[in-house]
Amino acid sequence: MDPIRKIFDNHEAFPMSIAYKNTKSSLSELPDHFHDWYEIVYVYRGTGTFFIDHTFYEMKQGDLFLIPGNTIHRATPDKESPVTSTAIYFSPSMIQAPQFGDDFSYLHSFEQAATSRNYKLETRLPQSQQVDHFLESIQYEFKHPSLGHRQAIILQLLQLLLYIQRNIEADADSNSLTVDTQVGPNWMREIILYIDQHFCADIGLQTLSKQASVTPAHFSRVFKQLIGMNISTYLITKRIIRAKQLLQESDASVSIIAGMCGFESLPHFHAMFKRVLGITPAAARKTFRSF
């Protein structure tokens, strides 16, 4: 099974989309996937589970999830009470704050989520009503385009991001949240944390099943059920995402980065990189530098 990289419609002039008040089912949801765009998910009702990065989160009314680009995630709605949610996807290139002598960033909440490895915020009633208002306004502009509707959408998105940072994230900082759910057996939650810390090392099904003290067959079955892809695909995807980050942030050669990310040969790294991202490592680095 190939890693799933979600590709959005190519609207270079306006790289943003919204899926408004969709009721999810387990059949319509993608398995573990990732994409370059940032994602905001707000839950209106229903329950489910959200796997993001390396943690399982409960999904319930009022929950807000902030998912930076290139972060592996998968939503699993409850069969009896499926989640109804709105998702906004946007390229971070759209979000530019003028500099007025401070370090403000509209993407601060996403950066904080990535730093703390906690991608869930909980809203209270006044906050949820305000979030709902912003999302409804964005949807209206998408559905009833008129002069300046794209500018109006951006303004609403910026207001939403500012509101999240000022009001919802601030509350989360003062109230510790229990983000890990009891999804799956303890050994699986522990092994996912282990993978997160060692995915560039020489690990595979045999090593991980031994680490978890279960048989390889049982490990594979439970992992695929919870994550949606097999262990080898999951490891390759995490390694390629890390390699992409290193290509963007460092001057190390492609061969050195391949070794750092756990690939034994440069041809295999090239093949997997293009398979996952649709582009060669050299072309990816050239694209980063052109920006």
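This is a predicted model: local features need pLDDT of at least 70, side-chain atom pairs count only at pLDDT 80 or more; totals for chains, interfaces and linings use all residues.
**Entry 1: α4 against α6**

I started with how α4 and α6 lie relative to each other: they are roughly perpendicular, a label for angles of 65 to 115 degrees (under 35 is roughly parallel, over 145 roughly antiparallel, the rest oblique). Their axes cross at roughly 80° and come within 11 Å. An axis here is a line fitted to C-alpha atoms, for helices over the stretch in contact, and angles run from 0 to 180 degrees between N-to-C directions.

Residues are numbered from 1 along each chain as its sequence is written, and side-chain values use heavy atoms, with hydrogens and water left out.

Which residues of α4 and α6 meet? From α4 I listed Trp-187, Met-188, Ile-191, Ile-192 and Ile-195, and from α6 His-218, Phe-219, Val-222, Phe-223, Leu-226 and Ile-227. Contact means heavy atoms within 4.5 Å. I sorted the residues of this contact into 10 nonpolar, one polar and no charged. For that, Ala, Val, Leu, Ile, Met, Phe, Trp, Tyr, Cys and Pro count as nonpolar, Asp, Glu, Lys and Arg as charged, and the others, Gly among them, as polar.

**Entry 2: α4 itself**

Trp-187, Met-188, Arg-189, Ile-191, Ile-192, Ile-195 and Asp-196 of α4 are buried (under 20% relative accessible area; exposed is over 50%, partly exposed in between, with a 1.4 Å probe and protein chains only). What covers them includes β5, β6, α5, α6 and α7.

**Entry 3: α5 against α6**

Here the axes come within 9 Å and cross at roughly 95°, which makes α5 roughly perpendicular to α6. I found Leu-205, Gln-206, Leu-208, Ser-209 and Ala-212 of α5 touching Pro-216, Phe-219 and Ser-220 of α6. That contact divides into five nonpolar, three polar and no charged residues.

**Entry 4: aromatic rings**

I got 16 aromatic pairs. Rings of Phe, Tyr and Trp (its six-membered ring) pair if their centres lie within 6.5 Å; planes under 30 degrees apart are stacked, over 60 edge-to-face, the rest tilted. Phe-51 and Phe-56 are tilted, because their planes stand at 45°, with centres 4.9 Å apart. Both are buried.

Phe-223 and Tyr-234 are edge-to-face, with 70° between the planes and 5.4 Å centre to centre. Phe-223 sits in α6 and Tyr-234 in α7, 11 residues apart. Phe-223 is at 0% relative accessibility, so it counts as buried; Tyr-234, also with 0%, is buried too. Ring pairs join Phe-51, Phe-56, Trp-187, Phe-219, Phe-223 and Tyr-234 into a cluster.

**Entry 5: positive phi**

Lys-21 has a positive phi of about 45° although it isn't a glycine. I found Lys-21 in strand β2, partly exposed at 38%. Asp-53, not a glycine either, has a positive phi of about 70°. Is Asp-53 buried or exposed? Asp-53 lies in the loop between β5 and β6, and at 9% relative accessibility Asp-53 counts as buried.

Definitions and conventions: Helices (H or I, at least four residues) and strands (E, at least two) are DSSP runs, numbered from the N terminus.
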